[in-house]
Amino acid sequence: MVLSMVMMTLDHRSNYLEQVRAALATVLYPVQALVHLPFSASSWLGENLASREALIAENTRLRSQNLVLRGQLQKLISLELENMRLRKLLDSSQRVGERVLIAELVAVDLDPFTRQVLINKGSLHEVHQGQPVLDAEGVFGQVIHVAPLNSTVLLISDLSHALPVQVARNGLRAIAEGTGDDTRLQLRHIPINADIREGDLLITSGLGGVFPPGYPVAEVALVQPDNTQAYATVVATPLAHLNRAREVLLVWPDDPQAGLPAPPTGDTP
Amino acid sequence: MKSNEPRGGKIIFFSFLVAFALATLPLPEWARPFRPEWVALTLAYWCIALPSRVNVGIGWMAGLAVDVLEGSLLGQHALAYAVFAYACIRVHRQLRVYPLWQQSLSVFVLVILEQMLVFWINGVVGRTLPTLLYWAPSLTSALVWPWVFMTLRDVRRRFAVS
């Protein structure tokens, strides 16, 4: 009884117990892997039993998509170089290079009242606490617990999560708080006369030091200036597929290996 | 009773593993708040059937495992399950002679007690939960209790766990 009180206090106030948690998480990982097995097996079967025509069609589609993306990438590279050159001229210290790693979500349910997911990469893959996680569309969450083979990600929609953002159009800064609902973020302390409109894109501002600046987060869905109150009610819809994503990207913001995806580690599809 | 030697520790351990798996099995979004407290139910059964073997200490360890699996505060479920196991052992003599539906009612109250503890701790650290759905697991736990009880009783007899 006393021991659990002490543990709870320690866990809430500090990081001393992260290693205990990591060890226990590793011991319990087989259970989670077992639960995940039917899901990975069905997707594996689905891939292997897909008909030839379907595969050819998918291949063609991916090929054309690849072509389009590569075209865009060329433009991006030249833009990035130009950006770097201009920044150098301005003596700005902002870095551009980022290393990424693909992680797969493990199909297990955690506490239904917090928005957390388990991913299949851990400290053996150099994942660290507080690391930003993205999906293909936008910011997904951040790593809160790391075990050797897996780690827990807190989604940006969790009630306890707050994310410093910026309106892409004019640079207006705000804090996007989770609401516990995967389709809503709330922007706090926006003055009623602030220049923010429905449809505005919100990007990370990089001010919290956790997320790299410039990643898309959400789109403003509702602005309700209430003249009787000092702040407007602003609700945004996250761009990332918080409840549908199956693969996510782990990002190392301050890595000199500019822009190169990490080498595949075998179990990434 | 030929001997009082403890037997079948592996079976008890395995039943807890199954409970952990059930507790993390993905469910559709609407069903998630209604998931019964499988680990608590398993713990309750063994506390009632073999209070000399499965006790507060086992409850504490099971709770710690749940904390890690669910990503909740470390020690939160451990405390709640330890108290839950204690309560089960206190009433295990009555529970054994109750008919199944009456056992279900008792389990309902016990699981509410356990959830209340978790709820309080959540409140203390500032993770308040917005909905009444939080209490749904105690109801579903009471509903599945008869099946859990019969399954585990058959398992216990089949493998002569004592």
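I take two strands as paired if DSSP finds at least two bridges between them. Helices (H or I, at least four residues) and strands (E, at least two) are DSSP runs, numbered from the N terminus.

**Basis.** I am working on a predicted model, in which local features need pLDDT of at least 70, side-chain atom pairs count only at pLDDT 80 or more, and totals for chains, interfaces and linings use all residues. Residues are numbered from 1 along each chain as its sequence is written, chains are lettered from A in the order in which they are written, and side-chain values use heavy atoms, with hydrogens and water left out.

**Chain A overall.** I counted 3 helices and 12 strands in chain A. Of its 269 residues, 37% are buried (under 20% relative accessible area, 1.4 Å probe, protein chains only). I looked up contacts (heavy atoms within 4.5 Å) between residues at least 6 apart in sequence, and 61% of them join residues at least 24 apart.

**Barrel.** I traced a closed barrel of 6 strands in chain A, in the order β1-β2-β5-β4-β3-β12, with antiparallel pairing. From one strand to the next, the twist averages 45 degrees (axes are lines fitted to C-alpha atoms, and angles run from 0 to 180 degrees between N-to-C directions).

**Strand β1(A).** I then examined β1(A), residues 99–106, where 6 of the 8 residues are buried. With β12(A), residues 247–252, β1(A) forms 6 bridges in the antiparallel sense. Across this pairing I found A:Leu101 opposite A:Leu250 and A:Glu104 opposite A:Glu247. Strand β2(A), residues 116–119, is joined to β1(A) by 2 bridges, also antiparallel; there A:Val106 has A:Leu118 as its bridge partner.

Terms used: Buried means under 20% relative accessible area, exposed over 50%, partly exposed in between (1.4 Å probe, protein chains only).
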